[in-house]
Amino acid sequence: MSGPMSGSISASAIETAPPIRGARGPAIRARSPRTLPLGRLARRGLALALSLAAWHLAASHRLDLGLVTFRNVPTPAAAAQAAWALLHAPLLPTHLGASLVRVLSGFLAALGTGIALGLAIGRSRLARDLLLPPLEVLRPIPAVAWIPLAILMFPSSEVSMAFITFTGALFPILLNTVHGVESVHPRLVAAARSLGAGDTAILREVILPGAAPSIVTGAAIGMGTAWFCLVTAEMISGQYGIGYFTWESYTLQNYDDIVVGMLLIGLLGMGSSLVVRWLGERATPWIGAGAQR
Amino acid sequence: MSAGAAWAGLPAADGHVAIRGGAIRLGRGAAAFDVVENIGLDIPARQFVCILGPSGCGKSTLLGAVAGHLALSRGSVSLDGQAVTGPHPDRGIVFQQHTLFPWLSVLDNVAFGSKMSGVGRAERRERARALLAQVGLSDFVEAYPAELSGGMQQRVEIARALINQPRVLLMDEPFGALDAQTRLTMQELLLDIWTRHRTTILFVTHDIDEALFLADRLIVMTPRPGRILDDIPLAFGRPRDRGLITDPRFTAIKQRCLALLQGAPGGVPLARLSPIGMP
């Protein structure tokens, strides 16, 4: 564990340096998170290092607390070795590819459906009355509970897994879209009408861009839940995929690989949420404009 | 520039507004109330009319009915003999709080009306550029509305309404949220623009000085339910400058307006209504 430790030591040595706040160039579009001062960055690095150390101690001493036991938990070093081995395993691209295809197809279907339904519900009282009650009944059902029915409903197991991710991503996107549509001020709509906009133009030129920031938020949350749901689906009816890999490692007693699978899932979920946010910021460049004035 | 020059920016037809026996009711059921009643008003083409009245008297609501955002409960509104049935780019409107689209640049905000009427991108941007030059914002075409000051945002609003060559420009206390100095600048700017875009203007305000400085004619309204209390012609010459405010004829009419507004019954100021209905 020399990596993070040495990093934090060198960082804390600079901690006495004058604060760098304000030393950055003029930030025009200040939407990206502020860079933390080095002292706090060091503290956060230290926290990570301490967690790793605690994990190492508990796993290497096979700590048994009765209620919870670390007897079968691999050490960080074993997990790192397994990760290194997996990086060179021929099956890794297959696992990753299978998971990515499932998540992306489910997510994109949820994005299209969520935005379309959200616009309809947010704009039309009839659509709200017809669509909202059944959706409210379906919403609290967790993705795992869908699995048996999904297997029965979809002859292809690939489609059934994509469907599970779809159900997970749909609701955050849908609800945020409805919220975004409702947040568009009636005055903006009135102004657009006085400028000659018809119903379609109002939807395309006013409602959709007005709701865009909320849709981006919903999409980022939806991407996270899509991964969450995918892994559950893969554990039960998968053949390849990261969730399947994790569950298979348990059944084959490759305990080191369990942790590797978990970390991989975390990284992929975080990474794809970041990609969605990045794309979202590109799509809504006006957000944060004027904040510096 | 040829495209911008060919487009004269002048309204196609006249701009004669007529309101006959107009009344507006807002609210539902037992909570419904009359906002304005028995409004009869004839505004000849290219006249600058200010509507003056206490807060909540329904002058903004009346403006909303001319814009077509609200329906009259009785009577009729027409423009050049055609009944008003809904919003139309012939009747441009500028609100007190800006309604610029936050996601469009200043240039694309102004060009919006032309986009709606199917004008090509290059052509409509050329028109928008010409209008932004007239309101003194040539240096801010690429900015987002949130990056502008309140006065600049209202300049963009005016330019945006004018791109459709409206026959009537409806203005609902457009400078009411600005500081005193900016308000004076904007009044002079508006008169300057009006010499180039000779539309009919219906301008709602509760500022007597503003109304007298701008208008050809002043309509004074009673508190809610609003009715027309007086109709005063303002025969001051044009172009007007700030010196007008100390002119004895100006102060005489100002005295008369103050007396009218103070003499009106109903002391408690009412909540402001908006041109698109209940706040």
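Q: What makes β2 and β5 of chain B the edge strands of their sheet?
A: The sheet is open, with four strands in the order β2-β1-β4-β5 (chain B) and antiparallel pairing. The strands β2 (33-43) and β5 (82-83) of chain B each pair on one side only, and that makes them the edges.

Q: What makes β8(B) a mostly covered strand?
A: Six of the six residues of strand β8 (residues 200-205) of chain B are buried, a term that calls for 20 or more other C-beta atoms within 10 Å. Side chains in a regular strand alternate between the two faces of the sheet. On one side of β8(B) are B:Thr200, B:Leu202 and B:Val204, on the other B:Ile201, B:Phe203 and B:Thr205, and with all of them buried both faces are covered.

Q: In which sense, parallel or antiparallel, does β8(B) pair with β3 and β7 of chain B?
A: Strand β3 (residues 48-52) of chain B pairs with β8(B) in the parallel sense over five bridges, and B:Val49 stands opposite B:Leu202 there. Strand β7 (residues 168-172) of chain B also runs parallel to β8(B), to which five bridges join it; the bridge partner of B:Met171 in β8(B) is B:Phe203.

Q: How do you know that the reach of helix α4(B) is close to what is expected?
A: Helix α4 (residues 121-134) of chain B has 14 residues and reaches 20 Å from its first C-alpha to its last, against the 20 Å expected at 1.5 Å a residue. Its buried residues include B:Arg124, B:Arg127 and B:Leu131, and just after the helix B:Gly136 takes a positive phi of about 75°.

Q: Why is A:Tyr255 called partly exposed?
A: A:Tyr255 has 15 other C-beta atoms within 10 Å; because a buried residue needs 20 or more and an exposed one has 12 or fewer, this count falls in between, and the residue is classed as partly exposed. A:Tyr255 is found in helix α11 (residues 255-283) of chain A and touches A:Asn72 and A:Pro74, leaving aside residues up to four places away in sequence.

Q: What makes up the side of chain A that touches chain B?
A: In all, 17 residues of chain A are in contact with 23 residues of chain B. The elements giving two or more residues to the chain A side are α8 (186-194) and α9 (199-237) of chain A, and the largest share, seven residues, comes from α8(A). By class, this side has eleven nonpolar, three polar and three charged residues. For the complex as a whole, the predictor gives an ipTM of 0.90 and a pTM of 0.83.

Q: Which parts of the two chains carry the lowest confidence?
A: The mean pLDDT of chain A is 85, but among its elements helix α1 (residues 2-13) of chain A has the lowest mean, 37, while α8(A) has the highest, 95. Over residues 1-32 of chain A the pLDDT stays under 50. Chain B has a mean pLDDT of 90, and its confidence is lowest in helix α1 (residues 2-6) of chain B, at a mean of 44, and highest in helix α3 (residues 106-116) of chain B, at 97. Where pLDDT is low, the predicted coordinates should not be read in detail.

Terms used:
Residues are numbered from 1 along each chain as its sequence is written. Chains are lettered from A and ligands numbered from 1 in the order in which they are written. This is a predicted model: local features need pLDDT of at least 70, side-chain atom pairs count only at pLDDT 80 or more; totals for chains, interfaces and linings use all residues. The expected span of a helix is 1.5 Å times one less than its number of residues. Two residues are in contact if their C-beta atoms, placed from the backbone, lie within 7 Å. Ala, Val, Leu, Ile, Met, Phe, Trp, Tyr, Cys and Pro count as nonpolar, Asp, Glu, Lys and Arg as charged, and the others, Gly among them, as polar. Two strands pair if DSSP finds at least two bridges between them. pLDDT is the predictor's confidence in each residue, from 0 to 100.
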